[in-house]
Amino acid sequence: MFVTRLQVANGQFRRLLAACLHLARAFRDWYLRPNAIEQRGLDLLKEWLSQEQLAQYDAHKYFDVIGCHTGRRYRIHHGNGANVVALSDAALPRTGWCFVPNDHLVAGDVMLAQKIALETDERGALAAANNFMPR
Amino acid sequence: MATQIIMDHNGDTRHTFDAKDAKALLEAERRFKALTGAGFTAATRTASGEPAVTRRFDPTAEETLFFPRLVGG
């Protein structure tokens, strides 16, 4: 009698545990979903970076681009806003520039749009941008 | 196969098409015009890998990337 009840309880416990595991997996998938989108953006960015920029980004989470009109060097830090800094000849932060796509995008996409804009239409990008004093 | 990559909330959406298929090419051109008309910038990569902005649909482009208009943040 006692053994039978114990076996029934054991079966119920296993079913409850399986249901909890199922819920936990569903929660994990939901929780990780934004990260998968972030990763997708970073993968796209890395496809478009030059070898030097990719090495720099992997090492420091920023990469440098050369403005197509002035030849000025800009540093694009990982982020999706207020993350572009014009560098002085001594590679010191001089002016911060904030320009972003007018749609909410992940950091990889934002950085790629900023890179292309500075490398192909520097003046246009800066005309749209707001500047700030870098820290 | 050619690809049009559009940046969006999901990271990006990709449309792959056969550039030798006239119907698919027409659809790709229609998409190009719709996106650039809506303010997206279209970019391709040169043979050396450098980005180049394009304002006309290029049927020979293997990959075209579209990103939304840039604004001051």
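Pick B:A42 and you'll see B:F66 of β5(B) opposite.

This is a predicted model, where local features need pLDDT of at least 70 and side-chain atom pairs count only at 80 or more, while totals for chains, interfaces and linings use all residues. Residues count from 1 along each chain as its sequence is written, with chains lettered from A and ligands numbered from 1 in the order written.

Now show the whole open sheet of chain B, five strands in the order β2-β1-β5-β3-β4 with mixed pairing. Its edges are β2 (11–17) and β4 (51–53), each pairing on one side only.

Next, colour α3(A), which lies across β1 (2–8), β2, β3, β4 and β5 of chain B and runs at about 75° to β4(B). That angle is between N-to-C directions, from 0 to 180 degrees, with axes fitted to C-alpha atoms, for helices over the stretch in contact; contact means C-beta atoms, placed from the backbone, within 7 Å.

Zoom out to the contact between the chains: 28 residues come from chain A and 19 from chain B. On the chain A side, α3(A) gives the most, with six residues.

Last stop: β4(A) and β6 (residues 70–72) of chain B, antiparallel and joined by three bridges. Click A:V100, whose bridge partner in β6(B) is B:V71.

Notes
Contact = placed C-beta atoms within 7 Å. Helix = DSSP H or I, 4+ residues; strand = E, 2+ residues; numbered from the N terminus. Pairing = 2+ DSSP bridges.
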